[in-house]
Amino acid sequence: MEALGHRPLDRFRLGHRHQPDGRLHPPGRQSRPRLWHPGRAGPGASVGGPAPVDRSNWYGTQLDHDDTVADIVTVRLSHRANDWLQIANDTRVGYYTRDFLPTAPSCNSTNNAANGGSNCLANLFDGNPATVPFGGLGGPSSPYYLDQWGAQNVTTATADFSVGGFKNQFIAGLDVSYEYAERTNTVNTGLGRPTTSNLLDPTSPDWSPNFIASTDRETDSTSFALFVSEQFWITDELSILAGLRWEDYKAESDLTDKFCPTQPNTVPVPPPPVGCSGYSTAPTPTTPGNYIPRTPGPTVSSLEVSEDLLDPKASVIWEPTESQTYYVSWSKSSQPATGAAAGNASTPISETQQALKPTTGETYEAGAKFGLFGDKLGLGLSVFQIERDNVKTLEGGEVVAAGQSIRSRGFEVSATGQITDKWVVQASYAYLDAEVLNFGNANPLINAAIAGKEATNAPENSASLWTTYMPFDDLTLGGGVQYRDEVVLNYSATVAGGVVTGVTENRAPYYLSFDAMASYEIGDGVVVQVNGYNLLDRDDNYAQTQNSRLVPAAGRTVIFSTQATF
C-alpha cells in the first residue's frame, strides 16, 4: 500500500489569529496636513512636505474612528506519499470587519479663503502669532461599514527523481481563492463636520450628524491558478530552473444606490438623472444634508473584470559547494486591473478599470549566497532590474491613476548569522534607483516633464541592523536601527499656453528608528520581555505613506509583555 502513496498523514498544523484594533480615537494618529513650499526642487518647481506642527496635535472630531476586527484560521497538511513524492496542502480562511470615519487635514495657499480671507500657508510661516493658520478638515462626512471574508487553498506536489542519471525536481500545484465583501456607505442628513481648525492649537470639535445607509456594494472575486516548475541538474553543481503560472481571475461588483447624486461642478449643469426629481445636497456645519430618494426605488448596477494572466520564470543556478550558491534569473509578473484585493475599495470595479490592462513586471536578477565560518554566518548579494508597466496609483484602496511605466535598478547585500554561541546579527543594505519612464498622463507635455524623475515611494538607500546577545542563559538583550531615505509621494504639473510652467512634488522625510529589547525566562516556560521603539522619539517618522498623505509613526514607545509556553 505504501508504494501507492497510502501512508499516514505526516504533519498537521492548525493556527488561529484574532486581532481587534481601534484607531483614530482621540488622541490617536492621523494624516498630517499637507503644505507647499517652493525652491527645493529647482526653478519652476516646488516641493510639498509635512507641516511643522506638533506630532501630538489631534485634528479629528469626537466621532473619528477606525474599528477593525480580523480573524484568520490557517491549516497545513503535509504527506510523504513515497520516497520521491511529497504533497502539501495549505488553507487560509479570514474574516474582516471595519467601521471607518477619518478626518484629513490640509494646508495650502488658497485653503479657507472664505474664513476671514486667511491664507493657511502664509500664516503658518510668517512668524506672527497674531495670524492664525486655519487649515482645512476634509475627508468623508459619513462612515462606511465593511464585512469581508475570503479563503485560499494551495495544493503542491513535489517530485524528486532521476531521468537518464540526471537529477530532477518537478513541482506542480493548484491555487484557488475566493473573496467576498459587502460595503455599506452612508450619508449624513444631519449637520456636517467642522471644516476648519487652527493647525497650531487644534480643538476636537463635536458635531451632530445623522448617518443613514445610502449605497450597498457587494463584490466577489475568484482566482483559479495552476503552476508548474522544473529544476534540472546538468551536473551536481549546475542546474536550470523554469516555471510557469497561469491564472484565471474574475471579479464582479453590484451596486445598490438609494439616493440621487449631488450636483456636479460643471457648466452648464446637466439635468438630474432619470428617477431623480433634483440633486441631493451635502451637509454643511450649519445646514443638514438633504438626500433625495430615487424613484421608483434604488438603482442596481453591475460591473465585472475578467483576466487571463500568464507568468513565466527561468533561472540558472550554480552551487559549487554546499556553502555557495550563484544564480541569474528572469521572470514576468502580472496583476489584475482591480488590484490584489477588490473588496477593500469603495469602487472596486469601475468602467475605467474595465478598460485597463493588467499591471505587468519583468525582473532580471543575479546574485550569490555564501556561508562562512561553518555556515554560522550567511552573506547575500543581488543586483536587479525591474520594469513595470501600467502601474496603478492607490489612495485609500482606490485606483486614482494608471498607466505609469517605472524602471528600478539596484543591489542588496545582507548578512545573517551567529557570530558566537551568544551573539546573533542580522544586517541588510539596499540601493535603489527607481525612475519614471512614462507618467501615464493624457497630456504628453506633462509626461515629458516628469519622465526621468525618481519613482514614488522608492527610497534610494535603506538599511537595517538587529543584534541580540545572551550574557546569561536566561537573559537576552537586543538592539538595532532601521533607516530609509526620504521618498517622493506624488507629482503634479501645471500647463499654460502649451508649456509646462511648474512641477510640484510631495515628499516624506527619511525614516530613522532605534529599537531595543530585553527578555528574561523566569522558569517553567514563562518569559517576561520589554521592547522599546523609536527610542530617540523622532517626530518625522511615518508609518504609512500613500499618494499625498502621511500617517505619523508612534513616538517613543515601551511595551511590556509576558509569554508562556506549555
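Visitor: Which residues form one aromatic cluster?

Guide: Trp318, Tyr326 and Phe370 form that cluster. The model is predicted, so local features need pLDDT of at least 70 and side-chain atom pairs count only at pLDDT 80 or more, while totals for chains, interfaces and linings use all residues. Residues are numbered from 1 along each chain as its sequence is written, and side-chain values use heavy atoms, with hydrogens and water left out.

Aromatic pairs come next. Rings of Phe, Tyr and Trp (for Trp, the six-membered ring) pair if their centres lie within 6.5 Å; planes under 30 degrees apart count as stacked, over 60 as edge-to-face and the rest as tilted. There are 12 aromatic pairs in the structure. In one of them, the ring centres of Phe166 and Phe232 are 5.3 Å apart and the planes stand at 35°, so the pair is tilted. Phe166 belongs to strand β9 and Phe232 to strand β11, so this pair ties together parts 66 residues apart in sequence. Strands (E, at least two residues) are DSSP runs, numbered from the N terminus. Phe166 is partly exposed, at 36% relative accessibility, and Phe232 is partly exposed as well, with a relative accessible area of 30%. Partly exposed lies between buried (under 20% relative accessible area) and exposed (over 50%), with a 1.4 Å probe and protein chains only.

Phe411 and Tyr429 make another tilted pair, 5.9 Å centre to centre with 55° between the planes. Phe411 sits in strand β17 (residues 398-418) and Tyr429 in strand β18 (residues 423-438), so this pair links distant parts of the chain, 18 residues apart. Phe411 has a relative accessible area of 31% and is partly exposed; Tyr429, at 29% relative accessibility, is also partly exposed.

Now to the strands around β11. Two strands pair if DSSP finds at least two bridges between them. β11 and β12 run antiparallel and are joined by 19 bridges; Gln231 has Leu241 in β12 as its bridge partner. These two strands form a hairpin with 4 residues between them. Trp246 is found in β12, and its bridge partner in β13 is Leu310.

Trp246 is partly exposed at 33% relative accessibility. Together with residues including Trp84, Phe161, Phe224 and Leu310, Trp246 makes a nonpolar surface patch of about 990 Å². Such a patch takes residues with over 30% relative accessible area and no salt bridge, nonpolar side chains (Val, Leu, Ile, Met, Phe, Trp, Tyr) being joined within 5 Å and like charges within 9 Å. A salt bridge is a side-chain nitrogen of Lys or Arg within 4 Å of a carboxyl oxygen of Asp or Glu. Accessible areas come from the Shrake-Rupley method with a 1.4 Å probe, and for residues only the protein chains shown count as cover. β8 (144-163), β9 (166-188), β11 (211-233) and β12 (238-257) each supply at least two residues of the patch.
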